[in-house]
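Please look over the model below. The walk that follows goes from the overall fold to single residues.

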Amino acid sequence: MRKQRLKLALDQNFPVLILNAVALLPEVEISPIHKIDPRLSDLDDRKLLIALHQLGWQGLIINNYKMLRVPVEIAAIVKTKLVVFAVEGIGDD
């Protein structure tokens with residue numbers, strides 16, 4: 001049985017340098033949201049989570065950790081069962 005790759009969307013404000021590191025993890029696919037669908041860049045976080053779920057993505061890497069304090073966004077995460085990596089700080093480089 002073939003193992004399914006974990007598909008994670010990368011938020012538009014997140015440095016794309018992470019994509020170089022992911023090449024070492026063949027079981028993970030990370031793609032910037034504008035490459036998945038350019039319209040995703042205009043969505044608020046709640047709508048983005050729902051859209052990613054509908055498109056078959058399993059998670060989101062985002063640097064807006066404050067979204068985890070917003071009840072409607074938490075509800076979208078729970079409903080879609082998406083994996084969310086909400087990073088508080090990404091440094092200066």
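The text takes the chain as a whole, then its helices, then selected side chains.

This is a predicted model, in which local features need pLDDT of at least 70, side-chain atom pairs count only at pLDDT 80 or more, and totals for chains, interfaces and linings use all residues. Residues are numbered from 1 along each chain as its sequence is written, and side-chain values use heavy atoms, with hydrogens and water left out.

Start with the fold. The chain holds four helices and four strands. Helices (H or I, at least four residues) and strands (E, at least two) are DSSP runs, numbered from the N terminus. Along the sequence, the order is β-α-β-α-α-β-α-β. Contact here means heavy atoms within 4.5 Å. Of the contacts between residues at least 6 apart in sequence, 52% join residues at least 24 apart.

Accessible areas come from the Shrake-Rupley method with a 1.4 Å probe; for residues, only the protein chains shown count as cover. Buried means under 20% relative accessible area, exposed means over 50%, and partly exposed lies in between (1.4 Å probe, protein chains only). Buried residues make up 31% of the 93 residues.

Turn to helix α3, residues 45-54. Its buried residues are Asp45, Leu48, Leu49, Ala51 and Leu52. Seen down the axis of α3, they fall within an arc of 165 degrees, so they line one face of the helix. The arc is that of the directions from the helix axis to the C-beta atoms. The cover over these buried residues includes β1 (6-10), α2 (33-36), β3 (59-62), α4 and β4.

Helix α4 can be read in the same way. Its buried residues are Glu73, Ala76, Ile77 and Thr80. Seen down the axis of α4, these fall within an arc of 100 degrees, so they line one face of the helix. The cover over them includes α3 and β4. The face turned away from the buried side carries the exposed residues Pro71, Val78 and Lys79.

Glu73 is buried but has no salt bridge. A salt bridge is a side-chain nitrogen of Lys or Arg within 4 Å of a carboxyl oxygen of Asp or Glu. The nearest side chain of opposite charge is Arg46, 7.8 Å away. Beyond its neighbours within four places in sequence, Glu73 contacts Asp45, Arg46, Leu49 and Met67.

A search of the whole structure finds one salt bridge. It joins the side chains of Asp37 and Arg39, at 2.6 Å from N to O. Asp37 is buried, at 15% relative accessible area. Arg39 is exposed, at 62%.

Trp57 lies in the loop between α3 and β3. Trp57 is buried, with a relative accessible area of 9%. Its contacts, not counting residues up to four places away in sequence, are Lys7, Leu8, Ala9, Glu29, Ser31, Ile36, Leu52 and Leu82. Trp57 and Lys7 are 50 residues apart in sequence, yet 5.3 Å apart in space, C-alpha to C-alpha.

Follow the chain out of α4. Lys81 lies in the loop between α4 and β4. Lys81 has a positive phi of about 60 degrees although it is not a glycine. Most residues other than glycine have a negative phi. Lys81 is exposed, at 71% relative accessibility.

The walk ends at strand β4, residues 83-86, which holds Phe85. Val83 lies in this strand too. Val83 is partly exposed at 33%, and Phe85 is partly exposed at 41%. Leaving aside neighbours within four places in sequence, Val83 contacts Gln58, Gly59 and Leu60. Leu6, Val83 and Phe85 form a nonpolar surface patch, with about 220 Å² of accessible area together. Patches are made of residues with over 30% relative accessible area and no salt bridge: like charges are joined within 9 Å, nonpolar side chains (Val, Leu, Ile, Met, Phe, Trp, Tyr) within 5 Å.

How values were computed
Lys and Arg count as positive and Asp and Glu as negative; His and the chain ends are not counted.
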